[in-house]
Structures are given as C-alpha cells and as structure tokens.
Amino acid sequence: MDRSLKDLQERAKCVKLNIGDIVVDCVTNDIGILVRRRHHIDIIEDEVYFWDVKWINKTKTHPTLSNLEEESLIMSIAIGTIEWHSVEGESIEL
C-alpha cells in the first residue's frame, strides 16, 4: 500500500467526532459546529451516519444548517481541507 495512503488512513482513525466539535472549512473559512449525529440505513452501504452542522459565514446574517456524511467529513479532516477542533481536546497531526 502506498505510504501516503496508509498515513491518511491512520490520521482518519484518530478522528473521533462529538457533538459540539468545531470544524473550519479551509476553502471558504466558514465555521461549523457539529450539532447532531444521525443514523441512516442505506440499501447499498448498509449503515451510514450523517452530522448536522450549523455553519457560520461572515457574509451571511444567519447560520445555515447542512448535513455531512461522517466518513466524508472524517476524510476531509484527515486530508486537511477541514480543520477540526474537538470538545474532548483530541486532535490529529497533519
């Protein structure tokens, strides 16, 4: 297995998301707060989890709510496109 892929997988394993964690989109600089984890049964994937994220954007007057699939969010954190600040004090080294 490619060394960089293995490193990415190891970083992803260290991400333990919690309600109240703060995430920052490094592209848009939007700040999000994880407000709820939802379980979803999928015919193909079997079990999938989503996070409801309340986003704060400097250009908008009201926060927006979106949902992100958990594995995609974790991979974005491992890659570094999303910065993660855990309420539990956990972090990963990039």
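Q: Contact means heavy atoms within 4.5 Å. Which strands does helix H2 lie across?
A: Helix H2, residues 70-79, lies across S2, S3 (46-56), S4 and S5. Helices (H or I, at least four residues) and strands (E, at least two) are DSSP runs, numbered from the N terminus.

Q: What's the angle of H2 to S4?
A: H2 runs at about 90° to S4. Axes are lines fitted to C-alpha atoms, over the stretch in contact for helices, and angles run from 0 to 180 degrees between N-to-C directions.

Q: What kind of model is this?
A: A predicted one: local features need pLDDT of at least 70, side-chain atom pairs 80 or more, while totals for chains, interfaces and linings use all residues. Residues are numbered from 1 along each chain as its sequence is written, and side-chain values use heavy atoms, without hydrogens and water.

Q: Okay, the sheet. What's the strand order?
A: S4-S3-S2-S1-S5, an open sheet of 5 strands with antiparallel pairing. Pairing takes at least two DSSP bridges. S4 (64-69) and S5 (82-85) are at the edges with a single partner strand each, so one side of each has no neighbour in the sheet. Strand to strand, the twist averages 35°.

Q: How many bridges join S1 to S2?
A: There are 3, between residues 22-25 and 31-42. Val24 has Ile31 as its bridge partner in S2.

Q: And the core? Which residues touch the most other members?
A: Val15, Leu17, Val23, Leu34, Leu73, Ile77 and Trp84, in a largest nonpolar core of 16 residues. H1 (3-13), S3, H2 and S5 each give two or more residues to this core. H2 has the largest share, with 4 residues. Members are buried Ala, Val, Leu, Ile, Met, Phe, Trp, Tyr or Cys, joined through side-chain atoms within 4.5 Å.

Q: What does Val23 contact beyond four places in sequence?
A: Its contacts include Ile31, Leu34, Val53, Trp55, Ile82 and Trp84.

Q: Switching topic. How many salt bridges?
A: The count is 4. The rule is a Lys or Arg side-chain nitrogen within 4 Å of an Asp or Glu carboxyl oxygen.

Q: What does Glu70 pair with?
A: Arg37, at 2.9 Å, N to O. Glu70 is in H2 and Arg37 in S2, so this pair ties together parts 33 residues apart in sequence.

Q: Is Glu70 buried or exposed?
A: Buried, at 10% relative accessible area. Arg37 is partly exposed at 40%. Buried is under 20%, exposed over 50%, partly exposed in between (1.4 Å probe, protein chains only).

Q: Which residues form a salt-bridge network?
A: Arg36, Arg38 and Asp52, through shared partners. Asp52 and Arg36 meet at 2.9 Å, N to O.
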